[in-house]
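Please walk through this structure with me, one region at a time. The sequence and model come just below.

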Amino acid sequence: MPGRALDIGSGRGRNSLYLTRAGWAVLSLDPSIRRLQDSSKSPDFTIQRMGLVLGRGERLPVKDEVFQLALCTHVLESLPPNVAQEIIDESRRVMARGGFVFVATAASDDSTTTQYIDGVVGRSHLYGEAEFLELLTGFDLIELLNLKLVRPKSTPPAAQWIFIGRKS
Ligand SMILES: C[S@@+](CC[C@H](N)C(=O)[O-])C[C@H]1O[C@@H](n2cnc3c(N)ncnc32)[C@H](O)[C@@H]1O
């Protein structure tokens, strides 16, 4: 199955490096040069199979329909919803037909209503189910997961959505 994968908001590259090890040719995109540099310092980094691009998900410097997998994990919750939508629309543009999309983002506690929390890195948008699915309209749903994360007693419970879908 491995082909070409795009990791949108790749950060320090944990997912890109994992996919690279699994045989994918990965393009890692992030607006932070420091995080991209950290990715390249990993012993698993291989320039033959992993490209690094400085950029933003809402303007992907990539041709149409070239990736078999688009990944976006823990990026959307920190962005305004209209920017999140632009990122998802761009990811659909660059995915080949039949390609897979994997999106993980923060979920609201009750999983229905959207919530906002102010944290150390700014305001987080915690998606309710309907809003999250609306964001991904146009992809065929394969699996929607709502994961409750177990945290130490002192911090509130946290939840996340995972959407796995396909471009038909
Ligand atoms: C919490 S990190 C997640 C990194 C990685 N996806 C992971 O799951 O380990 C969020 C990343 O999103 C990046 N980011 C912020 N705004 C972005 C945008 N508009 N487009 C793409 N990435 C963005 C940040 O620079 C940061 O590296």
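Helix α1 is followed by Gly-23, whose phi is positive, near 105 degrees. Helices (H or I, at least four residues) and strands (E, at least two) are DSSP runs, numbered from the N terminus. This is a predicted model: local features need pLDDT of at least 70, side-chain atom pairs count only at pLDDT 80 or more, and totals for chains, interfaces and linings use all residues. Residues are numbered from 1 along each chain as its sequence is written.

Stay with α1, which spans residues 14-21. Its buried residues are Asn-15, Ser-16, Leu-17, Leu-19 and Thr-20. A residue is buried if 20 or more other C-beta atoms lie within 10 Å of its own, exposed if 12 or fewer, and partly exposed in between, with C-beta atoms placed from the backbone. The cover over these buried residues includes β1 (4-8), β2 (25-30), α2 (33-40), β3 and β4.

Now take two of those strands. β2 and β3 run parallel and are joined by 5 bridges. Strands pair if DSSP finds at least two bridges between them. Val-26 has Met-50 as its bridge partner in β3. From β2 the chain passes through α2 to β3, and this β-α-β crossover is right-handed. That term means that, with the strands pointing away from the viewer, the path from the first strand over the helix to the second runs clockwise.

Next comes the interior. In soluble globular proteins, nonpolar side chains tend to be buried together. A nonpolar core here is a set of buried Ala, Val, Leu, Ile, Met, Phe, Trp, Tyr and Cys residues joined through C-beta atoms within 7 Å. The largest such core has 36 residues, of which Ala-5, Leu-6, Ile-8, Ala-70 and Cys-72 touch the most other members. Two or more residues come from each of β1, β2, β4, α3 (81-94), β5 (95-107), α4 (129-135) and β9 (158-166). β5 gives the most, with 7 residues.

Leu-6 touches Leu-27, Leu-29, Phe-67, Ala-70, Leu-71 and Val-94, not counting residues up to four places away in sequence. Contact means that two C-beta atoms, placed from the backbone, lie within 7 Å. Cys-72 lies in strand β4 (residues 67-73). It counts as buried because it has 25 C-beta neighbours inside 10 Å. Beyond four places in sequence, Cys-72 touches Ile-8, Gly-9, Gly-57, Ile-87, Ser-91 and Val-103. Cys-72 and Thr-105 are 33 residues apart in sequence, yet their C-alpha atoms are 8.4 Å apart.

What lies on either side of β4? Glu-65 is in the loop between β3 (50-54) and β4, and His-74 is in the loop between β4 and α3. Phi of Glu-65 is near 55 degrees, a positive value in a residue other than glycine. His-74 also has a positive phi, near 55 degrees. Glu-65 counts as partly exposed because it has 13 C-beta neighbours inside 10 Å. His-74 counts as partly exposed with 14. Leaving aside neighbours within four places in sequence, Glu-65 is in contact with Val-94, Met-95, Ala-96 and Arg-97. Its C-alpha atom is separated by 36 Å from that of Asp-110, 45 residues apart along the chain.

Finally, the ligand. It is surrounded by 17 residues, the closest being Gly-9, Gly-11, Arg-56, Gly-57 and Thr-73. A residue is near a molecule if its C-beta atom, placed from the backbone, lies within 6 Å of it. The shell has 4 nonpolar, 8 polar and 5 charged residues. Ala, Val, Leu, Ile, Met, Phe, Trp, Tyr, Cys and Pro count as nonpolar, Asp, Glu, Lys and Arg as charged, and the others, Gly among them, as polar.
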